[in-house]
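Opening the notebook on this one. I'll jot down what I look up as I go, residue by residue and then helix by helix.

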Amino acid sequence: MSRRRSTPGRPRTKPAEERYADLLDAAEQVLVERGIHAARIDEVTERAGVAIGTFYLYFGSKNDLMLALRARFNDRLARRQDAAVSALPKDDWVGRLDAWLSDAVRAYLVHAELHDVLYDHTPINANSTVQVALDTENAHLDAFRRLIAERRDAPKDAPDPAMAANLIYSAWYGATHMLLHHQADEIDRLADDLIASITDLAHRYLRVEP
């Protein structure tokens, strides 16, 4: 009885989660190179080494792909920040807050190119006609809110953690984005100044004693 032999060098079928990750990885590369408007689904699938039909097993449209990319981006940021915060003891809430804010600025600058194309901030996308639905969840912001809520000795006049998270998050996010308008050799120095300023702002708003 003869047995079927696999073709030498022929790749085995990847698990579904690997094909999904490959599509997201390929999409990130194509979007950074071409922008949201110019990027095509067939470019993504070719880069990922899959058929176009495989794309539609996971995503219904480019909009769905963008939402998945944003969710993964935020999840990765949240994990990075969790590692920065977890390096400090739980009873050092102020230190954990400061570590989160400092690393948030640094992480944005490291991943600015991908972040800005995902959120349509870069000049290449300035005239984009692609409308991406608003995200319903932001794991990065949720992690910051939980960190603020960890505080055990909050004074009675401290702001609500959810409101505080939204306002402080918006402040560092917008200010860090503005750094990208400066020359590259200035950004590190300005980032240090921004981290000091945003930390001071957070301490004042959250009623942290000096």
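**Entry 1: Asn 74.** I looked up its accessibility: at 5% relative accessible area, Asn 74 is buried, because the cut-off for that label is under 20%. One caveat to keep in view is that this is a predicted model. Asn 74 sits in helix α4, which covers residues 62–86. What does the side chain of Asn 74 make a polar contact with? I found the side chain of Tyr 119 as its partner, at 3.1 Å. I then listed the contacts of Asn 74, leaving aside neighbours within four places in sequence: Tyr 119, Asn 138, Ala 139 and His 140.

**Entry 2: Asp 103.** Next I went to helix α5, where Asp 103 is found. Is Asp 103 buried or exposed? I read 15% relative accessibility, so Asp 103 counts as buried. Not counting residues up to four places away in sequence, Asp 103 touches Arg 80, Gln 81 and Ala 84.

**Entry 3: α5 against α7.** I stayed with helix α5 (residues 93–110) and checked how it packs on helix α7 (residues 139–149). The angle comes out at about 160 degrees and the axes are 10 Å apart. That is over 145 degrees, so α5 runs roughly antiparallel to α7. I noted the crossing of α5 and α7 as left-handed. On the α5 side the contact is made by Trp 93, Arg 96, Leu 97, Trp 100 and Leu 101. From α7 come His 140, Phe 144, Leu 147 and Ile 148. Sorting the residues of this contact between α5 and α7, I get 7 nonpolar, 1 polar and 1 charged. His 140 had already turned up in my list for Asn 74.

**Entry 4: α1 against α2.** The crossing of α1 and α2 is right-handed. α1 brings Asp 22, Leu 23, Ala 26, Ala 27, Gln 29, Val 30, Glu 33, Arg 34 and Ala 38 to the contact. α2 brings Glu 43, Val 44, Thr 45, Arg 47 and Ala 48. How do the residues of the contact of α1 with α2 divide? I have 7 nonpolar, 2 polar and 5 charged.

**Entry 5: two C-alpha pairs.** Ala 112 is in helix α6, residues 112–118. Its relative accessibility is 8%, so I put Ala 112 down as buried. I checked Ala 112 against Thr 176: they are 64 residues apart in sequence, and their C-alpha atoms are 9.6 Å apart in space. Then I moved to Leu 201 in helix α9, residues 184–205. Leu 201 has 39% relative accessibility, so it counts as partly exposed. Leu 201 and Trp 172 are 29 residues apart in sequence, with 9.8 Å from C-alpha to C-alpha.

**Entry 6: the whole chain.** How many helices and strands does the protein chain have? I count 9 helices and 0 strands. Of its 210 residues, 40% count as buried. I also looked at contacts between residues at least 6 apart in sequence: 71% of them join residues at least 24 apart.

Note on methods:
Residues are numbered from 1 along each chain as its sequence is written. This is a predicted model: local features need pLDDT of at least 70, side-chain atom pairs count only at pLDDT 80 or more; totals for chains, interfaces and linings use all residues. Side-chain values use heavy atoms; hydrogens and water are left out. Helices (H or I, at least four residues) and strands (E, at least two) are DSSP runs, numbered from the N terminus. Buried means under 20% relative accessible area, exposed over 50%, partly exposed in between (1.4 Å probe, protein chains only). A polar contact is a pair of N or O atoms within 3.5 Å; within protein, one must be able to donate a hydrogen and the other to accept it, and residues adjacent in sequence count only if both atoms are side-chain atoms. Contact means heavy atoms within 4.5 Å. Axes are lines fitted to C-alpha atoms, for helices over the stretch in contact, and angles run from 0 to 180 degrees between N-to-C directions. Angles under 35 degrees count as roughly parallel, over 145 as roughly antiparallel, 65 to 115 as roughly perpendicular and the rest as oblique. A crossing is left-handed if the near helix is turned anticlockwise from the far one by less than a right angle, and right-handed if clockwise. Ala, Val, Leu, Ile, Met, Phe, Trp, Tyr, Cys and Pro count as nonpolar, Asp, Glu, Lys and Arg as charged, and the others, Gly among them, as polar.
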